[in-house]
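Student: I would like to go through the terms used for this model. Take them one by one, please.

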Amino acid sequence: MIAAWRGERTLPLLLAPVADAARDLVLNGRIVTGDLLTGGLDILLPGSEGRSLRGLFWDSRTNLVWAAGSVGAVGHVWAIHGRTGAVVQDTVVPGSLFLNDLVVEGDSVWVTDSRIVPDRLTRLQLTRKGAPTGAAPTFLPLGGAWPQGNGTAVNANGIRALPDCSLIL
């Protein structure tokens with residue numbers, strides 16, 4: 001996953017699972033930014049022992065980088081300031097097993113948990129302008145024709161918002 005946005009005079013690049021950045025993202029949760037014009041790299045979020053990140057999403061309204069992952073066996077969703085790297089919010093997601101992908105849509109951050117049974121989406125409430133509220137996460141069960149996982153295989157994986165504000169997994 002690569003998310004890019006315009007800087008003042010360069011085009012910074014947010015690196016997720018790409019080459020060496022993938023190893024750092026999974027092993028210690030480091031987020032690296034780069035400049036397409038100069039090839040320079042900077043660390044946005046330093047690594048931390050035991051932290052792994054599996055999903056990133058940049059919200060242009062707030063310049064927040066949302067990251068899903070874990071510290072050890074505990075699931076977290078982080079809101080990280082896109083310029084300073086400051087952690088604006090760290091939300092623990094109770095009962096999560098493998099927080100994987102996420103997307104911001106309107107007043108919500110939606111996160112997949114690829115190994116939870118029964119399958120569900122995790123929702124974090126945002127303000128109308130996209131700022132974190134600090135509210136506890138809520139959950140939306142996946143049902144209907146959705147094929148339920150067994151808790152070991154990767155199931156709910158990948159999420160995007162469509163132009164009509166609906167979500168696709």
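Student: What does Val103 touch, not counting residues up to four places away in sequence?
Tutor: Val103 touches Phe57, Ser108, Val109, Trp110, Ile159, Arg160, Ala161 and Leu167. Contact means heavy atoms within 4.5 Å. This is a predicted model, where local features need pLDDT of at least 70, side-chain atom pairs count only at pLDDT 80 or more, and totals for chains, interfaces and linings use all residues. Residues are numbered from 1 along each chain as its sequence is written, and side-chain values use heavy atoms, with hydrogens and water left out.

Student: Why is Val103 called buried?
Tutor: Buried means under 20% relative accessible area, exposed over 50%, partly exposed in between (1.4 Å probe, protein chains only). Val103 has a relative accessible area of 2%, so the residue counts as buried.

Student: Where does Val103 lie?
Tutor: In strand β9. Helices (H or I, at least four residues) and strands (E, at least two) are DSSP runs, numbered from the N terminus. Val103 and Ala67 are 36 residues apart in sequence, and 9.7 Å apart in space, C-alpha to C-alpha.

Student: What makes a set of residues a nonpolar core?
Tutor: The members are buried Ala, Val, Leu, Ile, Met, Phe, Trp, Tyr and Cys residues, joined through side-chain atoms within 4.5 Å. The largest such core here has 13 residues. Trp66, Val77, Leu99, Leu102, Val109 and Val111 have the most contacts inside it. β6 (64–71), β7 (74–81), β9 (99–105) and β10 (108–113) each supply at least two residues of this core. A second, separate core of 10 residues includes Trp58, Val65, Ala67 and Trp78.

Student: How do you know that β6 and β7 pair?
Tutor: Two strands pair if DSSP finds at least two bridges between them. Eight bridges join β6 to β7, so these strands pair. They run antiparallel. Val71 stands opposite Val74 in β7.

Student: Which strands make up the open sheet of four, and in what order?
Tutor: The order is β5-β6-β7-β8, with antiparallel pairing.

Student: Why do β5 and β8 stand at the edges?
Tutor: β5 (51–59) and β8 (87–93) each have a single partner strand, so one side of each is left without a neighbour in the sheet.
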